Amino acid sequence: MARKDTYDNESIKSLKGPDRVRLRPAAILGSDGLEGCEHTFIEILANSIDEAREGYGKVIEITRFKDHSIQIRDYGRGCPVDYNAKEKRYNWELVYCELYAGGKYNNNSSGDYEFSLGLNGLGSCATQYSSEYMDVTVYKDGFKYDLHFEKGYNKGGLKKEPCQYKQSGTIQKWKPDLQVFTDINIPLEYFQTVLKKQAVVNAGLKFKLFDEASGEKFEYLYENGIIDYVTELSQDQGFSSPQYYETSTKGRDRDDKPEYKVKMQFSFCFNNKINVIEYYHNSSYLENGGSPDKAVKAAFVAEIDKYITKEGKYTKNEDKISFVDIADSLIIVTNSFSTETSYENQTKKAITNKFIREAMTDFIKKNLEVYFIENKLEADKIMEQVLINKRSRESAEKQRVNIKKKLQGNVDMTNRVKKFVDCRTKDVARRELYIVEGDSALGSVKLGRDSEFQAIMPIRGKILNCLKADDSKIFDSDIITDLVRVLGCGVQLKSKHNKDLSMFDINLLKWNKVIICTDADVDGFQIRTLVLAMIYRLMPDLIEQGKVFIAESPLYEINTKKDTYFAYDEKEKAKILSEIQGKYTIQRSKGLGENEPEMMKRTTMSPESRRLIKVMPYEAEETARVFEMLLGDDLEERKEHIRLFGHLYLDDLDLA
């Protein structure tokens, strides 16, 4: 086909009908992937919620089918689908086949919905257009109405018949189309999360979920809304009691803009176990916050700073608190509604209304001020904890800077590490680092290695127990900081105050294998465990990526006239002895430092004959539990473990 080179008046065309969504789903639904598919569920659910919030129906039923189709049933007034004399069209055409058509455009002037989640007239149509099929059943005005759509087009028109029913309402079943979305397998957890959140912000509204694949049923109901949710989150572990406030007001975003109604609720408490901050507007979870987020931050910082200043709790020249210091211990949920709402986009993840931000800031500040006055014991606890959070954050920030200074550098940094012996090749795919026990082992390992690709890092004395020590103490250890420098990949520290301390990058690791090489005795096992604990604490991804190994050291050296054999355990010793004909001598293997270089090469260094045990990432939780039990602070658990299993590790005693 010949290429058209002209760009003229006939070059411009508009998408029509279902193609407006099917060819560009991201423009309306935010994505052509799973997120966009999930948003179709939100759009249909929103309409049922809007009905219930206006007082029509207290139960919404959702079914997740095996074939990825979805059904939502509500018991509201029923979606209008019959003929609309004013528009001279059927309402089903306007609702399901017309973008920007709906019943929520005049909410600010006593419309059918005062506070609605849906308001652009896009959701039902966009969902229908992007579906493989959609079936709608409406019970309304003494009739049953049925509609069937395929690929965005109605098939068979509107079917209407008289019907006696117990309850009016709407049933909508649809299957998102794989020709529109790259993925339509919405996980069960998504439905559970969304419905729980909607139950939280719609007090007294019950959501019933049935999952056809598993046969499981779920119900979500919060009779008192967000205060029940905050109480549930706090789990009686908070150091302040859950509080709840609500109000209604009117205002405008600009002098020339229309006045609109706003309803605001917020509930909070302080808790050191968890922190949760969630914002909702017209039932929509505001992932990115917007106006409510700005209001909460401004109000809490202002009032808590004022209280701390009044009580003289700041030290001389101390910086004032920031919101992160409050958020560390805060559980707060805001739930607002308005008759005019400015969303960032159709996905409704943030609102931008200036008046809502100002009104909510003022509302929260006034109630916090009164709460602190009337509950001084709780207020003092809150201020004390916020200051602890602040000073801990500032200390962590100083520590972060110091640690970065200690660890930063390039490949040449290893030249400053004492007694580190590098290899010649720069090919990371070949390079091996042996972490050995003590200076005595360094000599024999150095002579037994292949200096082309094997490097050596000696550990001088017993390494710090990284599972018990805090970050600052860990990085005060020269042994640890030297080892981290030699590895080159940085560290992965988990701390709420040091979230940006994680400087780990597996691509910067200078070694293909990190091999721990210690004596086969109690001291050697302890040093090996401490090195593993250090790697597990500071750079667990090295274990996950299969980069960490243990070099097995033989327990016995068996010599005959012709050869020398090495046994790594009792079973192997017995097997070797059974095969030897003639005289032999047997002795316990020496420590690494006493071994001849040739023996070191054969038993520990040479890839052809050595034995390496890969440290596997299986059952990370169990590994963590054992590390904590052996090296942590629970003395009683460790004593019990020794009582039960200690005899298995005792050397044989000569009782003669």
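Let us begin with S234, which lies in helix α7, residues 226-234. Helices here are DSSP runs of H or I with at least four residues, strands are runs of E with at least two, and both are numbered from the N terminus. S234 is buried, at a relative accessible area of 4%. Buried means under 20% relative accessible area, exposed means over 50%, and partly exposed lies in between, with a 1.4 Å probe and protein chains only. The C-alpha atom of S234 is separated by 7.5 Å from that of C269, and the two residues are 35 residues apart along the chain.

Before going further, a word on the model. This is a predicted model, in which local features need pLDDT of at least 70 and side-chain atom pairs count only at pLDDT 80 or more, while totals for chains, interfaces and linings use all residues. Residues are numbered from 1 along each chain as its sequence is written, and side-chain values use heavy atoms, with hydrogens and water left out.

I turn now to the aromatic rings. Rings of Phe, Tyr and Trp, the last by its six-membered ring, pair if their centres lie within 6.5 Å; planes under 30 degrees apart count as stacked, over 60 as edge-to-face, and the rest as tilted. The count by this rule is 21 aromatic pairs. One of them joins F41 and Y190 in an edge-to-face arrangement, with 6.5 Å from centre to centre and 65° between the planes. This pair links distant parts of the chain, since F41 belongs to helix α3 (residues 34-53) and Y190 to helix α6 (residues 188-201), 149 residues apart. F41 counts as buried because its relative accessibility is 0%.

How do the two helices α3 and α6 run relative to each other? Their axes come within 12 Å and cross at roughly 30°. Axes are lines fitted to C-alpha atoms, for helices over the stretch in contact, and angles between N-to-C directions run from 0 to 180 degrees. That makes α3 roughly parallel to α6. Angles under 35 degrees count as roughly parallel, over 145 as roughly antiparallel, 65 to 115 as roughly perpendicular, and the rest as oblique. The crossing of α3 and α6 is right-handed; a crossing is right-handed if the near helix is turned clockwise from the far one by less than a right angle, and left-handed if anticlockwise.

A charge sits over a ring if NZ of Lys or CZ of Arg is within 6 Å of the ring centre and within 35 degrees of the ring normal. The charged end of K197 lies over the ring of Y285, 4.3 Å from its centre. For R431, the ring is that of W511, with the charged end 4.0 Å from its centre.

Next, the backbone. Most residues other than glycine have a negative phi. D141, although not a glycine, has a positive phi of about 55°, and its place is the loop between β5 (131-140) and β6 (143-150). D141 counts as exposed, at 60% relative accessibility. N317, also not a glycine, has a positive phi of about 65° and is found in the loop between α8 and α9 (323-327). Is N317 buried or exposed? At 72% relative accessibility, N317 counts as exposed.

Finally, three further residues. I388, in helix α11 (residues 376-407), is partly exposed at 43% relative accessibility; its C-alpha atom is separated by 8.3 Å from that of D325, 63 residues apart along the chain. L29, in helix α2 (residues 25-29), is buried at 1% relative accessibility. F566, in strand β24 (residues 564-567), is buried with a relative accessible area of 12%, and F566 and L555 are 7.5 Å apart, C-alpha to C-alpha, and 11 residues apart in sequence.
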